[in-house]
Amino acid sequence: MVILGSLIILVTYQMFGVEILINNFGGVHNTLNNAVGIFFTDLILIMFIPSLYIASKIVKDRPFSSYSSSRGGWNFKLYLKALIIPVILYIIYLCADTAINGPKGTSNFSIPFLIVLFVSVPLQSIAEEYMFRGLLMQTLGSWFKIPVLALALQAIIFALLHGYNILGLIETLVSGIIYGFFAWKTNGIEVSSALHTANNFTLGLFIMFGLQLSTSTPQLTSVLPTIIFEIILSIIMYYVGKKTDWFGVIPENAQNI
C-alpha cells in the first residue's frame, strides 16, 4: 500500500505540482468538493485492493476471494441489486435536505467530475470495505472469536481514521457499525459496499451540482438527521433482503465474517 500510494503521489506531483498535494493532505475534506481532489484521494484508497491481492499471493495463508465473502468470492450481481434502494433513498434524502436548508456550494459540473463519480467513487467505496470489513473485521473476529466485538472495534477505527470533529466521528461510527452488520449477516462485503457506494456517490453528485459540501466539521443539525436516515435505511435494507432473498442464498455452513 505504501509503495503503490507513493507512486500515485509521485505521478500526481509530476502532473499537477506540489500545490495539489498540499491541498489534499492539508484539508482533505475541502478538496473533496472538486473532481481532481476526489480522484486523487480515491485513487490512493483504491490501491488497497491490488495491495491486498499482492499481499495474499505473497503470504499464501488464504485466497484473496475470502476477503470478499465466505460464499465463493465477490458477487457483482448482489452488489448491483443492493445498490438500487440506497441510491434512490439517498437522493430523496439529500433533495429534502437541500430544499429545507438550501444549496451549500457552487456548481462544479463537468464530464471529468461525472466520470470520477461513476468510476473512482464506487471503487474507492469497495476498497474501504475490503480494508475495514474485509481484512480488519475478519482479522479481529479471528482473534477474539466474538463477532460483535470485531464489528464494534472496526467501526471505531473506521471512524477515527476519517478525521472529522466529534459529531462527524459519531456519524461515521454509526455508518461503520451498519456496514459491519451487513457484512456479518450476509457473509460478504457486497451489501456494505453498495451502502457505502450509495452514500459517497450521491453526496458527490450533489457536491458536483453545488447543492452539498464536504466538511470535516459537520454540525448537529446535519449529523442527527443523517444518523436517523441511515438507521431507517438499514432497517429497510435488512427487511427487503430477508423478505425477497435478494441478498442471495447463504449456505447454512457458511462461516460468519
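I call a residue buried under 20% relative accessible area, exposed over 50% and partly exposed in between, with a 1.4 Å probe and protein chains only. This is a predicted model, in which local features need pLDDT of at least 70, side-chain atom pairs count only at pLDDT 80 or more, and totals for chains, interfaces and linings use all residues. Residues are numbered from 1 along each chain as its sequence is written, and side-chain values use heavy atoms, with hydrogens and water left out.

**Entry 1: Asn165**

I began with Asn165, which counts as partly exposed because its relative accessibility is 22%. I found Asn165 in the loop between H8 and H9; helices here are DSSP runs of H or I with at least four residues, strands are runs of E with at least two, and both are numbered from the N terminus. Next I looked up what the side chain of Asn165 does, and it reaches the backbone nitrogen of Gly168 at 2.8 Å. I count a polar contact as a pair of N or O atoms within 3.5 Å; within protein, one must be able to donate a hydrogen and the other to accept it, and residues adjacent in sequence count only if both atoms are side-chain atoms.

Which residues does Asn165 contact, leaving aside its neighbours within four places in sequence? I noted Ser216, Thr217 and Pro218, where contact means heavy atoms within 4.5 Å. I also checked Asn165 against Gln219: the two are 54 residues apart in sequence, and their C-alpha atoms are 9.1 Å apart in space.

**Entry 2: the helices on either side of that loop**

I then turned to H8 (residues 147–160) and H9 (residues 166–186), which pack at an angle of about 140° with their axes 8 Å apart. The axes are lines fitted to C-alpha atoms, for helices over the stretch in contact, and the angles run from 0 to 180 degrees between N-to-C directions. That angle makes H8 oblique to H9; under 35 degrees counts as roughly parallel, over 145 as roughly antiparallel, 65 to 115 as roughly perpendicular, and the rest as oblique.

I read the crossing of H8 and H9 as right-handed. A crossing is right-handed if the near helix is turned clockwise from the far one by less than a right angle, and left-handed if anticlockwise. On the H8 side the contact includes Pro147, Val148 and Leu151, and on the H9 side it includes Gly176, Gly180 and Trp184. For the classes, Ala, Val, Leu, Ile, Met, Phe, Trp, Tyr, Cys and Pro count as nonpolar, Asp, Glu, Lys and Arg as charged, and the others, Gly among them, as polar.

**Entry 3: Gln154**

Not counting residues up to four places away in sequence, Gln154 touches Phe132, Arg133, Leu136, Met137, Leu140, Gly176 and Gly180.

**Entry 4: two positive phi angles**

I looked up Lys145 in the loop between helix H7 (111–144) and H8. Its phi is positive, about 60°, although Lys145 is not a glycine. Lys145 is exposed, with a relative accessible area of 66%.

Asn187 also came up, with a positive phi near 60° in a residue other than glycine. Asn187 lies in the loop between H9 and helix H10 (190–208), and at 4% relative accessibility it counts as buried.

**Entry 5: Ser69**

From Asn187 I moved on to Ser69, which has Asn187, Gly188 and Glu190 as contacts once neighbours within four places in sequence are left aside. Ser69 sits in the loop between helix H5 (48–59) and helix H6 (76–101). I count Ser69 as buried, at 4% relative accessibility. A polar atom of its side chain lies 3.0 Å from the backbone nitrogen of Arg71.

**Entry 6: H4 against H7**

Among the residues in contact are Phe39 and Asp42 of H4, and Phe113 and Glu128 of H7. The contact of H4 with H7 divides into 12 nonpolar, two polar and two charged residues.
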